[in-house]
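Please look over the model below before reading the points that follow.

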Amino acid sequence: KSVSDSLSITVTEVNDAPTRTSAAPSAVSAAEDSANTTAASLGLSGLTYGKGGGADESSQTLTVKITAIPSFVTLWNGTTQVNVNDTLSVAALQGLTYKTVADANGTGTITWTVTDNGTTNGSSDPKSVSDSLSITVTEVNDAPTRTSAAPSAVSAAEDSANTTAAS
């Protein structure tokens with residue numbers, strides 16, 4: 001003899017964190033003062049992110065929040081300077097450039113967080129992934145500079161200081 005029974009199982013979708021779907025960004029190295037006036041590329045054009053899970057997350061949007069910028073560089077989105085806590089699109093992240101800060105150098109990390117809007121299964125549960133780019137600005141030997149006023153011209157009569165030195 002046997003008995004038949006059934007059991008209903010419901011699998012509820014959950015929001016998955018975004019993932020980087022490209023290679024990690026390559027470290028950037030530049031000489032001090034090499035990009036003080038003209039911004040240089042950070043090389044992020046090939047950086048891509050996926051929305052995390054399967055088809056249930058395909059309608060989500062991703063935003064990028066800059067979380068750290070080393071003090072020896074500034075970041076730019078076109079002609080607009082980007083600061084810590086600024087929010088960008090992934091496309092804007094891909095196009096970011098940097099300028100070196102005059103007479104500054106060091107090694108540091110630019111970091112950002114990619115966050116989805118968390119609209120899965122009718123609820124809002126945003127998920128994030130953090131990423132970073134190492135940047136080094138190497139010091140350059142600067143020429144000495146005079147830090148005082150130019151010396152005053154000196155005028156003296158011929159043979160006036162032949163035996164005693166004059167200032």
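**Notes on the predicted model**

1. In strand β13, Thr-138 is the bridge partner of Ala-31. Strands here are DSSP runs of E with at least two residues, while helices are runs of H or I with at least four residues, and both are numbered from the N terminus. The model is predicted: local features need pLDDT of at least 70, side-chain atom pairs count only at pLDDT 80 or more, and totals for chains, interfaces and linings use all residues. Residues are numbered from 1 along each chain as its sequence is written, and side-chain values use heavy atoms, with hydrogens and water left out.

2. β2 and β13 (residues 128-138) run parallel and are joined by 4 bridges. They belong to an open sheet of 5 strands with mixed pairing, in the order β2-β13-β10-β5-β8. β2 (28-31) and β8 (87-88) are the edge strands, each pairing on one side only. Two strands are taken to pair if DSSP finds at least two bridges between them.

3. Leu-62 has Asp-116 as its bridge partner in β10. β5 also pairs with β8 in the antiparallel sense, over 2 bridges. There, Val-64 stands opposite Leu-88 of β8.

4. What is the strand order of the open sheet of 4 strands? The order is β3-β9-β6-β7, with antiparallel pairing. Its edge strands, β3 and β7 (80-82), each pair on one side only. β3 is joined to β9 by 2 bridges in the antiparallel sense, and Ser-41 has Thr-97 as its bridge partner in β9.

5. The count of salt bridges comes to 2, where a salt bridge is a side-chain nitrogen of Lys or Arg within 4 Å of a carboxyl oxygen of Asp or Glu. One of them is between the side chains of Arg-20 and Asp-131, at 2.8 Å from N to O. Arg-20 lies in strand β1 and Asp-131 in strand β13, so this pair ties together parts that are 111 residues apart in sequence. Asp-131 is buried, with a relative accessible area of 9%, whereas Arg-20 is partly exposed at 34% relative accessibility. Buried means under 20% relative accessible area, exposed means over 50%, and partly exposed is in between (1.4 Å probe, protein chains only).

6. The side chains of Lys-127 and Asp-125 also meet in a salt bridge, at 3.4 Å from N to O. Lys-127 counts as partly exposed at 28% relative accessibility, and Asp-125 counts as partly exposed at 33%.

7. Ser-22 lies in the loop between β1 (19-20) and β2. What does Ser-22 touch, not counting residues up to four places away in sequence? Ser-22 touches Gly-46, Leu-47 and Thr-48, with contact meaning heavy atoms within 4.5 Å. The side chain of Ser-22 reaches the backbone nitrogen of Thr-48 at 3.0 Å. A polar atom of the Ser-22 side chain also lies 3.4 Å from the backbone oxygen of Gly-46. A polar contact is a pair of N or O atoms within 3.5 Å; within protein, one must be able to donate a hydrogen and the other to accept it, and residues adjacent in sequence count only if both atoms are side-chain atoms.

8. Asp-33 has a positive phi of about 65° although it is not a glycine, and its place is in the loop between β2 and β3 (40-41). Asp-103, also not a glycine, has a positive phi of about 60° and lies in the loop between β9 (97-100) and β10 (106-116). Is each of these residues exposed, or partly exposed? Asp-33 counts as partly exposed at 26% relative accessibility, while Asp-103 is exposed, with a relative accessible area of 52%.

9. Leu-7, Ile-9 and Val-11 make a nonpolar surface patch of about 410 Å². Patches are made of residues with over 30% relative accessible area and no salt bridge; like charges are joined within 9 Å and nonpolar side chains (Val, Leu, Ile, Met, Phe, Trp, Tyr) within 5 Å. Accessible areas come from the Shrake-Rupley method with a 1.4 Å probe, and for residues only the protein chains shown count as cover. Ile-9 lies in the segment before β1 and counts as exposed at 67% relative accessibility.
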